[in-house]
Amino acid sequence: MADATSAIPTTTAPGKSEHQFVKAIGLYDATMIVVGSMIGSGIFIVAADIARETGSAGGLLLTWILTGCLTVVAALSYGELAAMFPHAGGQYVYLREAFSPLWGFLYGWTLFLVIQTGTIAAVAIGFARYLGVLFPAISPKTWIIPPINFSSKFAISLSVQQLVGVLMIIFLTYLNTRGVKLGKWIQNIFTSAKMLALLGLILICVFVGRNAAAIADNFSHLWAIRGAQTIEPGVGFLRSLLPTVTAGSGWYGLLLALAVAQVGSLFSADAWNNIGFLGAEVKNPKRDVALAMVFGTVIVISLYCLANLAYLCALPLAQIQNAPDDRVATAALSAVFGANGALIMACAIIISTFGCNNGLILAGSRVAYAMAKDGLFFRATGKLNNKGVPGVALVYQGIWIIILILLRTRNPDGTYGNLYSDLLNYVVFAALLFYVLTIVGIFVLRVRRADAERPYKAFGYPFVPLLYIVAASGIMGVLLLYETQTAGMGMVI
């Protein structure tokens, strides 16, 4: 198999030069891209769902600890591949080199159609929704173009809220066509701001909004199951074979609840691998991509665990489980600042979602570029503009994101949903599947390319990477059995 370097050429033809990638990303910048891409709006809302699934304060914390261990282990393992193949495309290249172009093709198109773009669309609407807290005119029901039905299941519309999301995508896409230096500068500023905002939330809940009754209730009964939702097999024929449980149904029920709860926490902790997509633009990629993955994931997971600890210091478990619209962070700040808490939280999430989407848009286009170089994507996306970035790939990515924002699903009751919301339900399973395959690739390449240069070797090989494979596969198995519709669609996609 050809080396990855030859698959991503930097010239188009003899005597005709193409613009080069600009190596402008240092270790700090790379770490900020990891942190900024991971922290979106999930950490502020998914605690409610996790608390309902696990039914205890201890279960809420343990879910995030398990997510943290899985994510850090994956990052420690990915570092070996990132150092071996420091090229544009990241995980696409790793899968292609470990297995075959088919697996790279499957990952690249899944990333473009669902994983990256679906996430960006959701974050853009999240940005618009919270901007609507400050400016009520930004409403999902104020129509510019009312829903137009074009099938029994789908429609298209343009509300003011959707328009704001679309304008965000256009603006960030344009900024990122102006060069990686501008993109990283935006990322550094907004990531620093969101880290401070999240740290501020933690400190306020622990020291200012400290609720003695909540602390006594949560930590004196850390594992007491309360308000746990029922977990039942995902399809009818499985219900005669597998039990319906709650987190209180012994160790089996607790394990199932923790596995199902990983959907929210893993989604909130995803995108840590995005810095690998930018490998060609990192100054010292054989060292800094691996380090940035590890540093970034450790920072984010630490903040996430502390944030959930802070929620438990400010709110009784029942209030976390039943927070209005699942906005746990807003409920926590409202307990301290009253009505102003919602405004403060809205500002924090606006900053967080803007920075998150900048990082996702910046990184995602590099996969389309790498695929085009292999003839697996539209040819035009395989060129760099005069700023040294894949401008056409950024535009194509932006167009698809806008389509996802505009498309609506039709519900039986006559209301409308968002297509990207359905896609996001499938993202975690699809992402986990490719993460497992990629880490299996480490074992494959240790055999196929035993003599290849490895500036960094996977920590604890073979035991630590194998631990991730087993644990993630177990979670996928549970999701297939108990979240069959979403996991099954993730596999199909």
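At 31% relative accessibility, Asp49 counts as partly exposed, a class that lies between buried (under 20% relative accessible area) and exposed (over 50%), with a 1.4 Å probe and protein chains only. The model is predicted, so that local features need pLDDT of at least 70 and side-chain atom pairs count only at pLDDT 80 or more, while totals for chains, interfaces and linings use all residues. Residues are numbered from 1 along each chain as its sequence is written, and side-chain values use heavy atoms, with hydrogens and water left out.

Asp49 pairs with Arg52 in a salt bridge, with 3.3 Å from N to O; the term stands for a side-chain nitrogen of Lys or Arg within 4 Å of a carboxyl oxygen of Asp or Glu. Both residues belong to helix H3 (residues 46-54) and sit three residues apart, about one turn of the helix. Helices here are DSSP runs (H or I) of at least four residues, numbered from the N terminus. Side chains of opposite charge can pair when their charged atoms come close.

In total, 13 salt bridges are found in the structure. One of them joins Asp29 to Lys184, at 3.2 Å from N to O. This pair links distant parts of the chain, 155 residues apart, with Asp29 in helix H2 (residues 27-38) and Lys184 in helix H8 (residues 180-208). Asp29 is buried, at 10% relative accessibility, and Lys184 is buried too, at 17%.

Another salt bridge brings Arg226 and Asp217 together, their closest N and O atoms being 2.9 Å apart. Arg226 is partly exposed, with a relative accessible area of 25%, and Asp217 is partly exposed at 24%.

Terms used: Helix = DSSP H or I, 4+ residues; strand = E, 2+ residues; numbered from the N terminus.
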